[in-house]
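These are my notebook entries on one protein chain. I set down what I looked up and what I found.

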Amino acid sequence: MRLLRRPGREIQRSPEDRHIPDESRGCLPETPALKNRVGQRLPAMNAVRGGTVTWHPQPWQDGDWGGEEPLSDSDSEEEDFPDDSTTPLGNYVLHGLKQLLDAQQLCDVTLLVEGKKFMCHRVLLAAASPYFRAMFTSPLVESRLNEIRLEEVRPTVMDAVIQFVYTGEAGLSLDTAEDIFVAANRLQVMPLQELCSRFLFEHISVDNCLGMYSLARSHHDQLLLRASLRLVAQHFPRVSRQKDFLLLDHGTLGSILASDRLGVDSEAEVYDAARRWAEHQPLERYVHMPALLHHLRPGLLSHKESQRLSQELGPAGAGDGLGGPLRPREGMFEKKIVCVDLTPREDDNLTDRDSRVDCFDPQTGKWEKLAALSSLISPAAQRWGTGSS
């Protein structure tokens, strides 16, 4: 057998190791794997007495490759530097888990939804959902079961939840987003619930704002709650005549009637909306009318409207059962910008002609004159004149 030695050096044999074969003195048998692509031999490893082989790296020389082209021959030095962008480890992990799911490999739990089975990995479900973490780590029997039945969720929705857990992506539409939102809330997959919430937020309209408000209120979603309530309040006269309005529960309706933002011209519109809701199912809903009337603001009713309520409600319409504040609703006033020049108005010789105030309406972009000020010492102490304001 021919031995491969390091080029340019001869192995010196000491008297005490002359009886040791060449294979044990750091020389390796020559095999095809130890040859490079042009047939030249690779440098051999150094030997350590006792049979252990240790490799000592040698300086690189282009000549070692038989005079071929250098390893790098780029025209620009920038090409010699690695790309700054790297693929995050999480992307590799997600991709690998998705491959395991598609191949149904290493799955250790099966979720049963209306007869359809979903094979999954406990560790991933537990990492993405406190609901599953508690299920798999508790001393209850579910933690030892290989098959777990889930209720109140459809297979298509469960499939969307599982795909999100394994990929971080969800295909949402107006037909599916609400059901996936509810399932994500129940299973405590919070990133998916937030994704659905943003999707629904971007698709709120006057036609669906009542349903969105009920959904947000029942699942404590503040982003969706504020946005939907704003639309319900601004368009209350129109919204209160929709079919969805008659389907509200009394708690949701009460929270709407209590809002300062209702865009109504008269407080009687609030009363009429509550009455229409109660008359839709009178046997079940009239019992809730006293609580709803508590949100009515009798101080905002005209004399004629108060008389009508007294006739329809009896003693409750006289104001004893109406406990709302005196603050006007947003639809009962207009927001405008009043401009007052304080310098000339501190003169004792002011006249009504001099003390007129300019008012700007940001909605119409027009200026108008307000009634005269009898006196104005500072913005915190002012008294309006006898004219309308």
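The entries below go from the whole chain to single residues.

**Entry 1. The whole chain**

I began by noting that the model is a predicted one. I then looked up the make-up of the protein chain and found 16 helices and 12 strands. Of its 389 residues, 31% count as buried. The surface came next: the chain exposes about 25000 Å², and carbon and sulfur atoms supply 53% of that area. Among contacts with a separation of 6 or more, 57% are between residues 24 or more positions apart.

**Entry 2. Helix 11**

Which residues of helix 11 are buried? I found that Thr252, Leu253, Gly254, Ile256 and Leu257 are, in a helix that runs over residues 250-257. I recalled the general rule that an α-helix has 3.6 residues a turn, so residues three or four places apart point the same way.

I next asked what covers the buried residues of helix 11. The cover includes helix 7 (209-219), helix 8 (222-234) and helix 9 (236-239). It also includes helix 10 (243-246), helix 12 (267-280) and helix 14 (289-293).

At the N-terminal end of helix 11, I found a cap formed by aspartate 249. One of its side-chain oxygens lies 3.0 Å from the backbone nitrogen of glycine 251.

Valine 239 is in helix 9. Is valine 239 buried or exposed? It is buried, because its relative accessible area is 1%, and the cut-off for buried is under 20%. Leaving aside neighbours within four places in sequence, valine 239 is in contact with Val206, Cys209, Leu210, Val232 and Phe245.

Valine 93 is placed in helix 1, residues 89-103. With a relative accessible area of 42%, valine 93 is partly exposed. Together with Leu89 and Tyr92, Val93 forms a nonpolar patch on the surface. The accessible area of these residues together is about 340 Å².

**Entry 3. Cysteines**

How many disulfides does the count give? The count comes to zero. A disulfide is a covalent bond between the sulfur atoms of two cysteines. Cysteine 120 is buried, at a relative accessible area of 1%. I looked up cysteine 196 as well, and at 0% relative accessibility it counts as buried.

**Entry 4. Positive phi angles**

I ended with two loop residues. Glutamine 104 has a positive phi of about 55°, although it is not a glycine. Its place is in the loop between helix 1 and strand 5 (109-113). Glutamine 104 counts as partly exposed, at 37% relative accessibility.

Histidine 220 is likewise a residue other than glycine with a positive phi, here near 60°. Where is histidine 220? It is in the loop between helix 7 and helix 8. At 66% relative accessibility, histidine 220 counts as exposed, because the cut-off for exposed is over 50%.

Notes. Residues are numbered from 1 along each chain as its sequence is written. This is a predicted model: local features need pLDDT of at least 70, side-chain atom pairs count only at pLDDT 80 or more; totals for chains, interfaces and linings use all residues. Side-chain values use heavy atoms; hydrogens and water are left out. Buried means under 20% relative accessible area, exposed over 50%, partly exposed in between (1.4 Å probe, protein chains only). Helices (H or I, at least four residues) and strands (E, at least two) are DSSP runs, numbered from the N terminus. Contact means heavy atoms within 4.5 Å. A polar contact is a pair of N or O atoms within 3.5 Å; within protein, one must be able to donate a hydrogen and the other to accept it, and residues adjacent in sequence count only if both atoms are side-chain atoms. Patches are made of residues with over 30% relative accessible area and no salt bridge: like charges are joined within 9 Å, nonpolar side chains (Val, Leu, Ile, Met, Phe, Trp, Tyr) within 5 Å. Accessible areas come from the Shrake-Rupley method with a 1.4 Å probe; for residues, only the protein chains shown count as cover. A salt bridge is a side-chain nitrogen of Lys or Arg within 4 Å of a carboxyl oxygen of Asp or Glu. A disulfide is a pair of cysteine sulfur atoms within 2.5 Å.
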